[in-house]
Every structure is written in structure tokens, then in C-alpha cells.
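Please study the sequence and the structure before reading on.

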Amino acid sequence: MNMTKIGFLSFGHWQNVPGSRVRSARESLTQAIDLAVAAEEIGIDGAYFRVHHFAPQQASPFPLLAAVAARTSRIEIGTGVIDMRYENPLYMAEEAAMTDLIADGRLQLGVSRGSPETSLAGYEAFGYVPAPGETDADMARQHTALFRQAIDGAGIAAANPQMTGRDGVLPMSPLSDGLGERIWWGAGTRATAEWTAEQGMNLMSSTLLTEDTGVPFDQLQLEQIERFRRVWAESGWERTPRVSVSRSIIPITDDESRHYFGVRAQVEGQDQVGHLDGGLARFGRSYIGEPEQLVEQLATDAAVAAADTVLITVPNQLGVDFNARLLAGVRAVGAELGWDREPAPVG
């Protein structure tokens, strides 16, 4: 096992319906902060948040990430992922640097072209339209390139000699050292993973790949990871990249988890293949069951074995207490698989 870090990934849903413990945007945000604090106390390594627009989910991530940073001291904080079609790269560079400074270098930003969404070309309402002959994916990559140049301190705007006493170009301010090495690309295909390696970004792979070759999901994801690492080595990057995979892992440990997920534990366990964005996509299975069963099942997951970080997708509408117990259960499962470390002191 290469696994060294366990994080959680929250999609930040809220809904004012019976059974939901997250009924408003405010509750979604405050509970996200509280869950990150609880996860740090348990010994979980990362608190990651999904970003969606025009939906009852968390959107602009930096206020939330800064709030989590101010309430924690050890846990990584990040996104999975920011849709770069919607972003002003330079304003995002300022927000990211300031958040990382508050976090003392704990920011891990997952970015990508984004996923199918509730709006039709919603990024155009934000003022971003692909140039003639280009796609929205091209635009997302261009935004990402400019963002990365900005956080690395490249000259961006011409200096005003009357104010600065010199000519030349000015970098963004503030900057946060090392942030450029903590940018991840959410790759949905093997080819995109290779492109990610060429760009020198870490690889963030999820429970959905937008291609299907007929092999089990973990094997397809393993091939994606192997291609990424091969191209990374060929590209000559000096640092060791990070690779994350996301999994739905729900230990059945008490009456409440059995009530919500006990039936699903009897029927889950297979990949799903469906149509998405005009092509076939393969979805990874959910792991639901008694802890001993989960240890056996996860031990055979080839992609989990190949990655260094696993992100646990949490059912955030069940509230902080439920998800804190879930994460404690996952940590115990991870201990059996060799993922576990002693939690660092908090405070």
C-alpha cells in the first residue's frame, strides 16, 4: 500500500426536507467547518470540498477554506474540484495565496474543466465565453495556466513608474511559497492524466471516469495512475507528485449507520456504466458493510493501493456527528490496511 493520507470530500448539499440535517446554505457551511475540526481531532489528514454553481451546494470555496484554516492547525484543506471555466484566474490567485497564508501552507487545490452541471454554459453568465474555434475545456486550461503563472510570481501587469519608480511588470501580491506544487488536476480519462503529468500538476482521480474499456473501475483507474506516473518521469519533474482517488466508504458500526445504509450494503458492490456527456462513463462501486468486510474488499482495490491519498465522500446531509463517526470508522479500517498514523496534536 502506498496510502499515506486519508481525507474527506464533502459535496456540501443542503435541502429543507424531512430527514435532512442540513437545511440551509448557512448550515452547510458552518457544519463543513465543524466537520473539518472534528476530522482533525480524529486524525484525518484532509478536508476537501466540491464546488458547484447554480445548485444548492457550496460554490465559491475560498471563504469556507479560510474559515476552516482559521479553526484548524494540521489538516490539509482543499477542493475537489474548482471548475476553472468560471474563474477569473488573477482574482483566484489572490484568494488562493491569502487562504494559503492563513492556513500556513496547508492548501491543496483541485481544479479541472468541471463536470456536467445544472446550468447550460453557466460560465457564460459569469462573463467567460470560449474564443472562436475553442471549447470550454480549452478555456478552462487557459485559465488554469494563467492562474498557475500568477501564484508562481510571474510578472502580470505593467508597473506604473509614477507609483513604483520603475518600469517592468508586477507580480500578484501576496504570494505563498510552495502553493504552485499543491495544485491538482481532476482527470476523468487516461489521456487527461497524461496531460496533467506534462503540466506538472498532481493527479486527482474520482469515482467517475468518462471512458469505459470494459475492465473493472479500479483497474481502469490504476492504468490512469500508471500512465500519469510514467509521463511524469518522462517529463523530468524533480519532485514526487501526489495522486488521490475518491471512494464512498461507509462502515456499518451502529444502529444509525445500519438504518441508513444496511439495505444498500446488501446490494452495493458493482461498478456502474452509463452515458454521460455524450459517451460511456464508468462509476466506481460503493464500499458499505461491517468493518471486517471493508478491510477485505479495499485490500483488493488496485487503484487505492496505487494512490497516496484517499478521499472519502461523506453523506454531508446526515450531519457532523454522523460523519465524524463515519470517518473514525474509516480510520480504523485504514489502520488494518496500513494507512494509519497517530494523529498530530491539535492546537
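## The largest cavity

The largest cavity in this predicted model holds about 70 Å³ of space. A search of the whole structure finds 3 cavities of 30 Å³ or more.

## Residues that line the cavity

The lining of the largest cavity is made up of S10, V22, S28, Q31, A32, L35, Q58, N316, G319, V320 and N323. Sorted by class, this lining contains 4 nonpolar and 7 polar residues, and no charged residues.

Which helices each supply at least two residues of this lining? They are α1, spanning residues 25-42, and α12, spanning residues 320-337. Of the contributions to the lining of the largest cavity, that of α1 is the greatest, with 4 residues.

A separate topic is the residue H143, which belongs to helix α5, residues 136-151. Is H143 buried or exposed? Its relative accessible area is 10%. Because a residue counts as buried when this value is under 20%, H143 is classed as buried.

Leaving aside residues up to four places away in sequence, H143 touches M84, R85, E87, P89 and Y128.

Conventions: Residues numbered from 1 in each chain as written. Predicted model: local features only at pLDDT ≥ 70, side-chain atom pairs only at ≥ 80, totals over all residues. Heavy atoms only, no water. 1 Å grid on protein atoms, 1.4 Å probe; cavity = no way out; pocket = protein on both sides within 12 Å on 5 of 7 lines; lining within 4 Å. Points joined across faces, edges and corners; volume = space filled by probe spheres on them. Nonpolar A, V, L, I, M, F, W, Y, C, P; charged D, E, K, R; others polar. Buried < 20%, exposed > 50% of the residue type's maximum accessible area, 1.4 Å probe, protein only. Contact = heavy atoms within 4.5 Å.
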